[in-house]
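Dear colleague,

I am handing over the structure below for your review.

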Amino acid sequence: MPTDITQEQLAATIDHAILKPELTRAEVDAELDTAAEWSVFSVCVRPSDIAYAVARLEGSGVAVGTVIGFPHGTTSTAAKVAEVAQAAADGAVEFDMVINIAALRSGLDEEVVQDIAAVKEAAGQHVLKVILETSLLDEEQISRGSRLAEEAGADFVKTSTGFAGGGATAAHVALMRRTVGDTVQVKASGGVRGLDTALAMLDAGATRLGTSASATILGELAARLSGAEASARTDESSY
């Protein structure tokens, strides 16, 4: 477990999720401000909030991403491609698309690859993360889905939407990491609400964390590091 991680290093792994459908504009504002305050890597916002988030976060260094085909993955490929085009026009630079879960579970591998590849083509040089929704899959389906996402050109494979029950597990993150090559990264999302869970996901092979608990996680790390420094000073003064 990366116990020597700094606050800046951990913040650089976090996509702060602002995706709940009931969030008001004031609540979105508060979440965007939290992301800026803690200097996380990015926010992942609802498609209708992209342009607003880009404007509010201007100059903060926090990137803006969004979701595609969310949360079920069953929209048509054409609809997903159109979502990407609009999202990019609004200023999003990363896209987290939901795989066609039913097609994956049905063994329709060619359809899965074509769906992802079309979205990746629309995304161009922007980052594409493919959400498998691991809580609905067995290990064979997780492995196969990861391989298909890699074949289609995805930049990341991702565990979960956070809206289907369950969520990321270290075992599933490790399985995904073993399955894909070095050019594909793994994002753990869903249920990552505390520092120990976040560190376990990174230890299992994730390089990005999707969470709405960024302030909690980074606050816990700050407190832990502060405590370690205080303990070290006490030890030094005892000699």
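D15 counts as buried because its relative accessibility is 1%; buried means under 20% relative accessible area, exposed over 50%, and partly exposed in between, with a 1.4 Å probe and protein chains only. D15 lies in strand β1 (residues 14-18). Helices (H or I, at least four residues) and strands (E, at least two) are DSSP runs, numbered from the N terminus.

Please note that this is a predicted model, in which local features need pLDDT of at least 70 and side-chain atom pairs count only at pLDDT 80 or more, while totals for chains, interfaces and linings use all residues. Residues are numbered from 1 along each chain as its sequence is written, and side-chain values use heavy atoms, with hydrogens and water left out.

The side chain of D15 forms a polar contact of 2.8 Å with the side chain of K187. A polar contact is a pair of N or O atoms within 3.5 Å; within protein, one must be able to donate a hydrogen and the other to accept it, and residues adjacent in sequence count only if both atoms are side-chain atoms. Leaving aside residues up to four places away in sequence, D15 touches F41, S42, E94, K129, K187, R208, L209, G210 and T211, where contact means heavy atoms within 4.5 Å.

Turning to the backbone, most residues other than glycine have a negative phi, and most peptide bonds are trans. S39, in the loop between α2 (25-38) and β2 (42-45), has a positive phi near 55°. With a relative accessible area of 46%, S39 is partly exposed. E133 also has a positive phi, near 60°, and is found in the loop between β5 (127-131) and α7 (139-151). E133 is buried, its relative accessible area being 2%. A cis peptide bond, with omega about 0°, joins F70 and P71; P71 belongs to the loop between β3 (63-68) and α4.

Finally, there is the helix packing. Helix α4 (residues 77-90) packs against helix α6 (residues 109-123) at an angle of about 20°, and their axes are 9 Å apart. Axes are lines fitted to C-alpha atoms, for helices over the stretch in contact, and angles run from 0 to 180 degrees between N-to-C directions. The two helices α4 and α6 are therefore roughly parallel, a term for angles under 35 degrees. On the α4 side, the contact is made by T77, K80, V81 and V84, and on the α6 side by D115, A118, V119, A122 and A123.

Yours sincerely

How values were computed
Parallel < 35°, antiparallel > 145°, perpendicular 65-115°, else oblique.
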